Amino acid sequence: MEKRDVMFAAIVIACMLPTSTSTGSLPLVINTWTFLNATVAAVAKLHEGGTYLDAVVAGGTKCEVLQCDHSVGYGGSPDEKGETTLDAMIMDGVSHDVGAVGCLKNIKNAIGVARAVMEHTSHTLLVGDDATNFAVSMEFELSNLTTEYSKDLWLKWKCNDSCQPNFWRDVKPDPTKQCGPYKPVNRNSKSQPMGAPPPGGPGNHDTIGIIVVDAKGNIAAGTTTNGLTYKIPGRVGDSPIMGAGSYADGEVGGAVCTGNGDIMMRFLPSYQAVESMRQGKSPKEAADDAIQRIAKYYPGFSGAIIVANIKGEYGVAASLPRDSPFPFCVYNPSLGKATQFYLNQTDNPFSVL
């Protein structure tokens, strides 16, 4: 076993909470990580009479405003040039309409812009400066996404840490020792195996993925993130890619992912999980299957998936270092309040409210 496999010693676990083992409980709001304020915002929107789509946007927007873990919204995850860019998407499981943005610049409300793409265009995904121009035309406010925090983070990486870590390979100068610009060493060979994990642990890709199922069983899913820290400019991860970052089908259910998007998008795990449920798997079984498919080829990858069906039943699976349990947040009437759980501690939920 290689050293990296020992270090990651990936845990692949799936769980179903006792409150979702029979007929489920609706409405359901469930999202990745410790972002409980996002859960609360989504629930509040439902209680105000908002739709399941409104609730997804409300939860994602809350995280963008709060800069959840500096991995969502403005002021986090600077790229190699020190710029923060945003990826987001939303999918209506009832209509299968989707809106998404990638490498969005100078606009704070990425998931709001994604919804505007869905509702005001015939397109699915807009990217880069043109996505920004679209957002301005939709009356979103231009803002500088750089903060003192992200600037200091980038300066330390650039000036003190010799651009370590980074996402280059098979280039010169040696990317493990020096900053670029880089040029290819040999266009016809790959000295580093494809299975080698990129730099960064779970904290380097804490996308919020959120699923909302309303009281009638209508479902939507969405994601929003500022991506990998120190990514190569122009990089877009799995978050705005339907079937990868999230997916929803009104006849079956939905799924959202978080983790190493460059690897996870190669397997379309959200779509796979929903199709597994269509074929008869429970949310727990579908989640586990989706993670196992990725771990077969990338045993050291870091990531997680949340899967829910339209009855309000849900399951979670993750591939993480042994000392990194996966947190997620849930609301349904059986719980009575937004509650945080850990994947390997579901018998003892930790409630923050």
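How many helices and strands make up the secondary structure of the protein? The answer is 9 helices and 15 strands, where helices (H or I, at least four residues) and strands (E, at least two) are DSSP runs numbered from the N terminus. The views below come from a predicted model, in which local features need pLDDT of at least 70 and side-chain atom pairs count only at pLDDT 80 or more, while totals for chains, interfaces and linings use all residues. Residues are numbered from 1 along each chain as its sequence is written, and side-chain values use heavy atoms, with hydrogens and water left out.

**Figure 1. Confidence along the chain.** Let's start with pLDDT, the predictor's confidence in each residue, from 0 to 100. The mean pLDDT of the protein is 88, with 86% of its residues at 70 or more. Where pLDDT is low, the predicted coordinates should not be read in detail.

**Figure 2. Helices α2 and α3 cross.** The axes of α2 (residues 36-47) and α3 (residues 52-66) come within 8 Å of each other and cross at roughly 145 degrees. Here axes are lines fitted to C-alpha atoms, for helices over the stretch in contact, and angles run from 0 to 180 degrees between N-to-C directions. The crossing is right-handed, a term used when the near helix is turned clockwise from the far one by less than a right angle. From α2, the residues taking part are Asn 37, Ala 38, Ala 41, Ala 42, Lys 45 and Leu 46. Their partners in α3 include Tyr 52, Ala 55, Ala 58 and Leu 66. By class, this contact has 9 nonpolar, 2 polar and 3 charged residues; Ala, Val, Leu, Ile, Met, Phe, Trp, Tyr, Cys and Pro count as nonpolar, Asp, Glu, Lys and Arg as charged, and the others, Gly among them, as polar.

Figure 3. Buried residues make up 55% of the 353 residues in the protein, with buried meaning under 20% relative accessible area, exposed over 50%, and partly exposed in between (1.4 Å probe, protein chains only). A nonpolar core is a set of buried Ala, Val, Leu, Ile, Met, Phe, Trp, Tyr and Cys residues joined through side-chain atoms within 4.5 Å. The largest one has 51 residues, and those with the most contacts inside it are Ile 211, Ile 305, Phe 326 and Phe 328. Helix α9 (residues 283-295) gives the most to this core, with 6 residues. Apart from it lies another core of 32 residues, among them Tyr 52, Ala 55, Leu 104 and Val 212.

**Figure 4. Ala 273 in helix α8.** Look for Ala 273 within α8 (residues 269-278). Ala 273 counts as buried because its relative accessibility is 0%. Leaving aside neighbours within four places in sequence, Ala 273 is in contact with Ala 255, Ala 286, Ala 290, Ile 305 and Val 307. Ala 273 and Lys 284 are 11 residues apart in sequence, and their C-alpha atoms are 9.5 Å apart in space.

**Figure 5. Asp 238 in a loop.** This residue sits between β9 (219-225) and β10 (246-249). Is Asp 238 buried or exposed? Asp 238 is buried, because its relative accessible area is 4%. Beyond four places in sequence, Asp 238 touches Ala 244, Gly 245, Cys 257, Gly 261, Met 264 and Met 265.

Figure 6. With a relative accessible area of 25%, Pro 173 is partly exposed. Pro 173 touches Gln 178, Cys 179, Pro 181 and Tyr 182, not counting residues up to four places away in sequence. The peptide bond from Gly 180 to Pro 181 is cis, with omega near 10 degrees.

Figure 7. Most residues other than glycine have a negative phi, and most peptide bonds are trans. Ser 77, in the loop between α3 and β3 (86-92), has a positive phi of about 45 degrees. Cys 163, in the loop between α6 and β6, has a positive phi of about 60 degrees. Ser 77 is buried at a relative accessible area of 4%, and Cys 163 counts as buried at 3% relative accessibility.

Technical notes:
Contact means heavy atoms within 4.5 Å.
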